[in-house]
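Subject: Structure for you, with notes on its cavities

Hi,

Here is the structure I promised to pass on.

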Amino acid sequence: MKFRLLVTCFALVASAFASKSQPVIGLSLDTLKEERWQRDRDTFIAAAKALGTTVIVQSANSDDTRQVRDVESLISRKVDVLVIVPHNGAAMTRAVRSANEAKIPVIAYDRLILNAPIDYYLTFDNVKVGEVQANYVVPRLPRDRTARIVRIYGAPTDNNAKLFKQGQDNILTPLIKAGKVEVVHEDWALDWKPENAKKIMNAAITKAGRNIDAVVVSNDGTAGGAIQALLEEGLAGKVIVTGQDADLAACQRILRGTQAMTVYKPLKNLATLAARVAVDLAKGNKPPTTATLNNGNKDVPSIFENVISVDRENLNTTVIADGFHKAESLK
Ligand code: BGC
């Protein structure tokens, strides 16, 4: 009996030790539908593997109930750390509390989880993304009359979508107030779906007519939807359209002239950083950060990676030079 107890204790110590030296990371993604998240996943797994860890990946297909279940299943599989890209920043609170009870640290990746005791938030400067988009558009608008723009925001459930809008507002609001810019139509694209963005663009044309100078769109997927509507009206290439993510299709559109710009976010930097922080946390260390952000529950230690404005002029020296896309694949 005593011997059996001793063996059990040894096994417990051994498994805890194995777990710390070769941690297992649970990665819960909102979706894998957009190109960027596939790249985030692949880079994260490669970086984590190089650090001697394994990653269990779950993807929730934009479904909150499913994502909460995903996280709970990762907790019951006893992962050492959780990395979460929430579909809905407010809906993951409960899952984070379960992780806390199980003493599993949580990193919010790219998107913030609200009102929950998370350990780290690793992301890009999302307000800057919106500023970069609006700053691209403004100097290209007509000055001899009030410019007419459409604004297509992202998913209202994604905290980032609000931050992109906030960044755009920082630049556009003074011009709107001064009567230099008029927003002829605006709406939020549910779940960031291109087809929803297309509907918004169709509604904008029906309501405001074809006389539109720019469409400030928050990401490349939804820019694709808006551009489809513009194509059908013979307006593509005549209207400035913004985006974000440097998706392959968006970079092709930039070269073709139907999309003006995108915001390049070096995903490799973020995914590699996240893998390093996850492993450190799993080993009981407290990796340093450069900022904090209050998520309604606490000041969350955070890191904000930088973003880059990309158009036809600098596509070669940014996205291509960085190896994000090959020049041949853009033809
Ligand atoms: C990300 C963007 C992405 C969007 C849709 C946002 O939270 O920051 O890069 O395009 O979600 O997935």
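A cavity here is a set of points, on a 1 Å grid over the protein atoms alone, where a 1.4 Å probe fits but cannot get out, and lining residues have an atom within 4 Å of a point. Volumes are the space filled by probe spheres set on the points, with points joined across faces, edges and corners.

Before you read on: this is a predicted model, where local features need pLDDT of at least 70, side-chain atom pairs count only at pLDDT 80 or more, and totals for chains, interfaces and linings use all residues. Residues are numbered from 1 along each chain as its sequence is written, and side-chain values use heavy atoms, with hydrogens and water left out.

Back to that second largest cavity: its lining is Leu27, Leu29, Asp40, Arg41, Phe44, Val85 and Tyr109. Two elements give two or more residues to this lining, β1 (24-29) and α2, and α2 gives the most, with 3 residues. (Helices are DSSP runs of H or I with at least four residues, strands are runs of E with at least two, and both are numbered from the N terminus.) The lining splits into 5 nonpolar, no polar and 2 charged residues. For these classes, Ala, Val, Leu, Ile, Met, Phe, Trp, Tyr, Cys and Pro are nonpolar, Asp, Glu, Lys and Arg are charged, and the others, Gly among them, are polar.

The whole structure has 2 cavities of 30 Å³ or more.

α2 (35-50) and α6 (159-177) each give two or more residues to the shell around the ligand.

Now the polar side-chain atoms that face ligand oxygens:

- Glu34, at 2.6 Å
- Arg36, through an N or O atom, at 2.8 Å
- Asn160, at 3.0 Å

The protein covers 100% of the 310 Å² of accessible area that the ligand has on its own (Shrake-Rupley method, 1.4 Å probe).

Cheers

Methods. Polar contact = N/O pair within 3.5 Å; in protein donor to acceptor, adjacent residues only side chain to side chain. 1 Å grid on protein atoms, 1.4 Å probe; cavity = no way out; pocket = protein on both sides within 12 Å on 5 of 7 lines; lining within 4 Å.
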